[in-house]
Amino acid sequence: ARRWNRYYLFTYQRIVTAMLQGETGPERTVLDVGTSHGNWLKFLRSCRFGRILGVELDADRAELARAAGYDEVYNCDASKLPLPDSSVDVAVSNDVFVHILRSEDKVAVLKEVRRTLRTGGMLIINHSSARAFGFGQDTVVDHCSFLTLSRFLGIVEEAGGYQVEDIKPSYFTRFGRHRPTFLRQALVALPLG
């Protein structure tokens, strides 16, 4: 499991670093949507963001993220952020939308993140692929909502105000003798206007 986690962290961080080119710096604010216990803080600091904010629904995890060193962690639903309009340069969300089970809740979070993004901002989402997990269509299993890429893009479109600029596989695995299949893809969406 540790070897897989190192691989996962390495590949995801490599993809996100490439997507963030020119978007980081000491004057920039990043919002980690679904920060959990602060696992991505070290990576976000290495990107040289000046201010690192997090939002986490679970109170205990939010407290752990605060203790890890986030500049601020909001313990709330990501569809109701206590942030001013146009106050964030970049938002990232890693493996969070898979745990938001209802499409309308995903749309609500996307709309709220859009409200907080400045003109020219960026949202990067790491999204789990239904097909890569063996599902031919959108599927909810236990606490996970696996979507096809076309359905996830439809949700982004439904949220409005975004233009999808790039989609890249964020990591691969091998299933049996088949060629590598990507499990997740990272999507960059830019706010319109």
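Which handedness, left-handed or right-handed, does the crossing of H4 and H5 have? Point 2 takes this up.

1. **Model and layout.** This is a predicted model: local features need pLDDT of at least 70, side-chain atom pairs count only at pLDDT 80 or more, and totals for chains, interfaces and linings use all residues. Residues are numbered from 1 along each chain as its sequence is written, and side-chain values use heavy atoms, with hydrogens and water left out. The protein chain has 5 helices and 9 strands. Helices (H or I, at least four residues) and strands (E, at least two) are DSSP runs, numbered from the N terminus. Their order from the N terminus is α-β-α-β-α-β-β-α-β-β-β-α-β-β.

2. **H4 against H5.** The crossing of H4 and H5 is right-handed. In a right-handed crossing, the near helix is turned clockwise from the far one by less than a right angle. The axes of H4 (residues 103-116) and H5 (residues 149-159) come within 8 Å and cross at roughly 50°. Axes are lines fitted to C-alpha atoms, for helices over the stretch in contact, and angles run from 0 to 180 degrees between N-to-C directions. H4 and H5 are therefore oblique to each other. Angles under 35 degrees count as roughly parallel, over 145 as roughly antiparallel, 65 to 115 as roughly perpendicular and the rest as oblique.

3. **Who makes the contact.** H4 brings Ser103, Lys106, Val107, Leu110 and Lys111; H5 brings Arg151, Ile155, Val156, Glu158 and Ala159. Contact means heavy atoms within 4.5 Å.

4. **The largest core.** The largest nonpolar core holds 27 residues. Such a core is a set of buried Ala, Val, Leu, Ile, Met, Phe, Trp, Tyr and Cys residues joined through side-chain atoms within 4.5 Å. Leu31, Val33, Val55, Leu110, Val113 and Leu123 touch the most other members. Strands E1, E2, E4 and E5 and helices H4 and H5 each give two or more residues. Another core, of 22 residues, lies apart, and Ile15, Leu44, Val92 and Ile124 are among its members.

5. **Leu31.** Leaving aside neighbours within four places in sequence, Leu31 has contacts that include Leu53, Val55, Leu83, Val90 and Thr116.

6. **Glu112.** Glu112 lies in helix H4. At 12% relative accessibility, Glu112 counts as buried. Buried means under 20% relative accessible area, exposed over 50%, partly exposed in between (1.4 Å probe, protein chains only). Not counting residues up to four places away in sequence, Glu112 touches Ala78, Ser79, Lys80 and Leu81. Glu112 and Leu81 are 31 residues apart in sequence, yet 7.0 Å apart in space, C-alpha to C-alpha.
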